Amino acid sequence: MGGEIMAVAMVMAAENAVALRCVGEFGELDDAELVAAVSAAHRQAARAQARELEAIAELRRRRIAAEADGDPDYRVLTAHESVVEEIAVALAVTGNAAATLVHVAERLSTDLPATGEALAAGRIDLAKARVICDLSDDLPDGIAERAEAAVLDKAAEQTTGQLRRRLKRIIGRLAPDAARQRTRDTVQGRRLEVWETGTGVGNLSLLDLPAEDAHAIFNKISAAARGLKGDGDDRPLDMIRADLAKGLLNGAVLPDAVRAVLVQAQAEPGEQSDVAPAAAPVETEVETLAETIDERLHRVRHDARLGRRVNELPRLIGRAVRQIQDDVAAQRDGLCQGNEPQHGHPSYRPPAELRREIEARHATCVFPTCNQPSRRCDLDHTRAWRPGTPGITCRCNLAPVCRRHHRTKQSPGWRLHQIWPGLLVWTTPSGAWHIVRPERQ
Ligand SMILES: [Zn+2]
Ligand SMILES: [Zn+2]
């Protein structure tokens, strides 16, 4: 145990030395090194938070052990409550914030040790550790550990939202009854909340409705808003939705025109709910290709560093990705085209069937951290569409991209490449890359 702590301390000292040496010298770093410095500092913060939680857990253990030795006295705080107060004053945080910290500390030191280790190693941050804690609370014996084991490997590269969705899916599979019961319990707390932001603006929120009810309401209002827009209302869709909802909650009735649109929209399939489509199966070849790309780009970066060409990294990475794309082009064309007379669809707009296929392949915008459902994204031509160019309308050149990340894609230094149908590579201005695979559970 002592040796392990010693080793951890030495690693931390080494990273601190790097970080300290960099203080005030960021001007001398290249872009890739700056991004690396950001990541290193984020990992250090996670390690420090792990230490904080370990210390809290130890304090709690001592207080609980002392309490167990004597008779319970109901006139005073329990040991647990007392620790919460101690932490609240020590950190000058609210009782709620302290209670959360103590709870997370206890969970990580008892039934979620692997999450504690991942935090201590800086592989995940505190926000992700909290997601794992929150969602695995109150599950039948052994389920929390199994769910934890299933999500931890990928948690490093997922946002908290992605992690939360994945964990929910896994818990739903491992303990369907418990998951359903939890949904029922949560729905019991459904409520309407109002709060002011202090700038003359008020927010109104319907919370903890059954998901299908929430989507049904949103879809109905959206369909009515789109109907008004189609009739020439030039306000933004969000504003029309808000005004419609406000009117309805104030007791107004829907105008006949809007009602007609609603009836029509409800008849259309696909308008009913936002539930993500089932994931398409992913062939092992795609995974192998993704790994090959990653390896090749790592090698390019390694060589660039050895050859002191780090400043050229964005250009070298871009060139390598294009090279990979060319290498697989013939195979990809064969796969797409099959026995068809030409590769791809002749028009700019993809036919409905192709659109559904692309949306099933990626349930959200293909930017690595984006959660915008693909139904609310544009189907972007990865290479710009022009007849007779490689920018064709085909499964190998289409992907859902939201407005914001469409702008990202167009920004200097950013590029998006589709190497294989559904397998995309983003390259960044600092010469980093992010591989996006077709969806899977
Ligand atoms: Zn194609
Ligand atoms: Zn996006």
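Me: At what angle do helix H3 (residues 79-91) and helix H4 (residues 95-109) pack?
Reply: Happy to look, keeping in mind that this is a predicted model. The axes of H3 and H4 lie 8 Å apart, and H3 passes H4 in a right-handed crossing. Their packing angle is about 115 degrees.

Me: How many residues of the contact of H3 with H4 are nonpolar, polar and charged?
Reply: On the H3 side the contact is made by His-80, Val-83, Val-84, Ile-87, Ala-88 and Leu-91. H4 brings Gly-95, Ala-98, Ala-99, Leu-101 and Val-102. Sorted by type, they come to nine nonpolar, two polar and no charged.

Me: Which residues are the protein donors of the zinc ion (ligand 2)?
Reply: Good one to trace along the chain: the donor residues follow the spacing C-x4-C-x31-C-x2-H. The donor atoms lie 2.0 to 2.4 Å from the zinc ion. They belong to Cys-365 (SG), Cys-370 (SG), Cys-402 (SG) and His-405 (ND1).

Me: What geometry does the site of the zinc ion (ligand 2) have?
Reply: The four donor atoms make angles of 96 to 117 degrees. Four donors count as tetrahedral if all angles lie between 85 and 135 degrees. The zinc site is therefore tetrahedral.

Me: Is His-405 buried or exposed?
Reply: The relative accessibility of His-405 is 8%. Buried means under 20%, so His-405 counts as buried.

Me: What is the phi of Asp-138?
Reply: Most residues other than glycine have a negative phi. Asp-138 sits in the loop between helix H6 (126-136) and helix H7 (143-155), and is exposed at 75% relative accessibility. Although Asp-138 is not a glycine, its phi is positive, at about 55 degrees.

Methods:
Residues are numbered from 1 along each chain as its sequence is written. Chains are lettered from A and ligands numbered from 1 in the order in which they are written. This is a predicted model: local features need pLDDT of at least 70, side-chain atom pairs count only at pLDDT 80 or more; totals for chains, interfaces and linings use all residues. Side-chain values use heavy atoms; hydrogens and water are left out. Donors are N, O and S atoms within 2.8 Å of the metal (3.2 Å for Na, K and Ca); water is not among the atoms, so sites may look incomplete. Four donors count as tetrahedral if all angles lie between 85 and 135 degrees; four count as square planar and six as octahedral if opposite donors are over 155 degrees apart and all others between 65 and 115; anything else is irregular. Buried means under 20% relative accessible area, exposed over 50%, partly exposed in between (1.4 Å probe, protein chains only). Axes are lines fitted to C-alpha atoms, for helices over the stretch in contact, and angles run from 0 to 180 degrees between N-to-C directions. Helices (H or I, at least four residues) and strands (E, at least two) are DSSP runs, numbered from the N terminus. A crossing is left-handed if the near helix is turned anticlockwise from the far one by less than a right angle, and right-handed if clockwise. Contact means heavy atoms within 4.5 Å. Ala, Val, Leu, Ile, Met, Phe, Trp, Tyr, Cys and Pro count as nonpolar, Asp, Glu, Lys and Arg as charged, and the others, Gly among them, as polar.
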